[in-house]
Amino acid sequence: QVQLVESGGGLVQAGGSLRLSCAASGSILSINHMGWYRQAPGKQRDLVARITSRGSTTYADSVKGRSTISRDNAKNTVYLQIISLKPEDTAVYYCNINLVRYYTDTPMGYWGQGTQVTVSS
């Protein structure tokens with residue numbers, strides 16, 4: 001079994017910042033890439049940022065320059081920090097972690113439960 005627990009969402013004023021965390025636990029052999037997605041009401045779930053096992057990062061244009069994704073491999077945790085928040089950043093944020101479980105060979109993606117971020121103008 002694998003569990004992903006997210007934290008750090010909430011209500012933030014425009015111009016503020018936040019830091020989301022997502023910790024994975026369970027029978028984890030290795031972790032590949034880790035990422036954050038978000039889904040606004042009535043819209044599809046889109047990639048926000050992604051970090052590979054080697055630390056290479058990718059960002060959506062909408063957050064590029066004001067967000068940082070990082071990972072702590074010792075804690076199986078991925079973080080997302082966003083500054084200069086805008087009302088359009090309002091969404092449910094989901095982490096996604098691609099990992100290999102013990103006694104398996106196939107990497108699989110797991111989703112966090114989602115955390116609401118609301119940016120007020």
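Strands β9 and β10 form a hairpin with six residues between them, and Tyr 103 in the turn has a positive phi of about 70°; strands, like helices, are DSSP runs numbered from the N terminus (E, at least two residues, for strands; H or I, at least four, for helices). The structure is a predicted model, in which local features need pLDDT of at least 70 and side-chain atom pairs count only at pLDDT 80 or more, whereas totals for chains, interfaces and linings use all residues. Residues are numbered from 1 along each chain as its sequence is written, and side-chain values use heavy atoms, with hydrogens and water left out.

The pairing of β9 with β10 is antiparallel and extends over four bridges, two strands being taken as paired if DSSP finds at least two bridges between them. Within this pair, Asn 96 has Trp 111 of β10 as its bridge partner. Tyr 103 is placed in the loop between β9 (91–101) and β10 (108–111), and counts as exposed because its relative accessibility is 84%; exposed denotes over 50% relative accessible area, buried under 20%, and partly exposed the range in between (1.4 Å probe, protein chains only). Together with Leu 29 and Tyr 102, Tyr 103 makes a nonpolar surface patch of about 430 Å². Patches are made of residues with over 30% relative accessible area and no salt bridge, like charges being joined within 9 Å and nonpolar side chains (Val, Leu, Ile, Met, Phe, Trp, Tyr) within 5 Å. Accessible areas come from the Shrake-Rupley method with a 1.4 Å probe, and for residues only the protein chains shown count as cover; a salt bridge is a side-chain nitrogen of Lys or Arg within 4 Å of a carboxyl oxygen of Asp or Glu.

An open sheet of four strands has the order β1-β3-β8-β7, with antiparallel pairing. Its edge strands, each pairing on one side only, are β1 (2–7) and β7 (67–72). Strand β1 is joined by six bridges to β3 (residues 18–26), the two running antiparallel, and Leu 4 has Ala 24 in β3 as its bridge partner.

Thr 77 belongs to strand β8 (residues 77–82) and is buried, because its relative accessible area is 6%. A polar atom of the Thr 77 side chain lies 2.8 Å from the backbone oxygen of Lys 75.

Ile 28, in strand β4 (residues 28–39), also counts as buried, at 9% relative accessibility. Ile 28 and Gln 3 are separated by 25 residues in sequence and by 9.8 Å in space, C-alpha to C-alpha.

Technical notes:
A polar contact is a pair of N or O atoms within 3.5 Å; within protein, one must be able to donate a hydrogen and the other to accept it, and residues adjacent in sequence count only if both atoms are side-chain atoms.
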